[in-house]
Amino acid sequence: MKAARKNMGGLTELRKKAEKKLMYGVTGAGTESIRPLEIEHELNVHKVELEMQNEELRLTQLQLEKSLDNYAELFQYAPVGYFILDINGIVLNLNDAACKLLGEHTNWATGRPFSVFLHSEICQDDFYRHRNLVIDSGMPQEIEVKFIKKDSAAFPALITSTIVKDEEDHFKYFLSTVNDISERKEQELKMKMALSKEVELNELKSRFISTASHEFRTPLATILLSTELLEKYNEADDEKNRKKHFQKIKSAVLGLTEILMDFLSLDKFENGAITNSPEYIDLVSLTTRVIEDINIRRQTVLYKHADKKQVVYLDPKLLRVCITNIIGNAFKYSHADSPVEVTTAFADNDQVLISVKDHGIGIPEHDKPFIFDRFFRSKTAEAYQGTGLGLNIVQKFTSVMNGHISFTSVENEGSTFVLQFPNM
């Protein structure tokens, strides 16, 4: 524009000069005599110059228009959402990418406050502070907010803003670019989950070492001591003592087997090696075998199957682990002379129910919310051997079989655990 004004000034001076010369030639005024042919020649020269200048201006205008078209295309078809705002945050213009983010067309968005596209009042307040910081500092700034579409669907967005000034360094408009960062946030969440998983696995390894070293020490010491004592009982009247120590060895071996099975079961579950493979099995026969296998102390067991039907369609391996754990706990946390009540039945909706009731130490009220947590052991159970994994494994295996585990318990009165499975 400055060049154009300069050219126009030059043309005005040229016209004045030509008119002055022409006037002198006509009136004969002045000391200089200018012939008409000279004036005509000079006018023709200026005419050519004018035409050249007009052509130059026309080419410049064409280049300017082409440049403006290029910039308009860059703005309109940029892969990033562009919002042009006035000093009050009203949308003056936006590009196609911005319209796509909003799920609407340009005419719907222009004239609206930019803040209406932000998810909450907190986001709006954050953007207000962000806008003031950009204006005050004159530097580009970034902010993460939740953006909303016209249909109220929200997504995380990164807003980068700057101000554009005119030739006199005055505020012209406010420019904000908006990027949908949903994918990035999802990746960040996955990384956090992976890190959390790694921390959990490291903690699991530490607890495993601590628990294994403690839980293995006692039964191994029992086995060693009983074996040494058995070597001394050679007389016929020592039979009672021999049986007592054989029983201790069996109990210790069973305890070690239980610990190993817990760790192996948990490892298989964590590695995704546990799958539900149901088949038709006799529930009464399986439950009876479990009771016989784990009732080393020969406690009194009151087992009742409250139904004529006995066949269920469940995974026998997973079901055996679940029943073994809850009946084993009932034996462990009850007195030797205290009966354990086991009931199997079918509910009205053909659900399989397995209930195990004991009259043992029970679970304190404050420990109940954590009873299925990995490695958790109630204060009342610390004197008993165990890994704190049994009920956690039962809950996981029950879930794999689309079942549910629940319990009721009163401290020093006993507990009742119920397994419930769909019989499909």
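How many residues does helix α8 have, and how far does α8 reach from its first C-alpha to its last?

A: The model is predicted, so local features need pLDDT of at least 70 and side-chain atom pairs count only at pLDDT 80 or more, while totals for chains, interfaces and linings use all residues. Residues are numbered from 1 along each chain as its sequence is written, and side-chain values use heavy atoms, with hydrogens and water left out.

Helix α8 has 12 residues, 283–294, and reaches 17 Å from its first C-alpha to its last. This is close to the 16 Å expected at 1.5 Å a residue; the expected span is 1.5 Å times one less than the number of residues. Helices (H or I, at least four residues) and strands (E, at least two) are DSSP runs, numbered from the N terminus.

Within α8, the buried residues include Leu-283, Val-284, Leu-286, Thr-287, Val-290, Ile-291 and Ile-294. Buried means under 20% relative accessible area, exposed over 50%, and partly exposed in between, with a 1.4 Å probe and protein chains only. These residues cover an arc of only 165° around the axis, which puts them on the same side of α8. The arc is that of the directions from the helix axis to the C-beta atoms.

The N-terminal end of α8 is capped by Asp-282, which has a side-chain oxygen 3.0 Å from the backbone nitrogen of Val-284. A polar contact is a pair of N or O atoms within 3.5 Å; within protein, one must be able to donate a hydrogen and the other to accept it, and residues adjacent in sequence count only if both atoms are side-chain atoms.

Strand β7 (residues 301–305) runs parallel to β9 and is joined to it by 5 bridges; two strands pair if DSSP finds at least two bridges between them. Tyr-303 has Val-342 of β9 as its bridge partner. Val-342 also stands opposite Val-356 in β10. Strand β10 (residues 351–357) runs antiparallel to β9, and 6 bridges join them. Together β9 and β10 form a hairpin with 4 residues between them, and Asp-350 in the turn has a positive phi of about 65°.

Finally, two cysteines may be noted. Cys-99 is buried at a relative accessible area of 9%, and Cys-322 is buried at 0%. The structure holds 0 disulfides, a disulfide being a pair of cysteine sulfur atoms within 2.5 Å.
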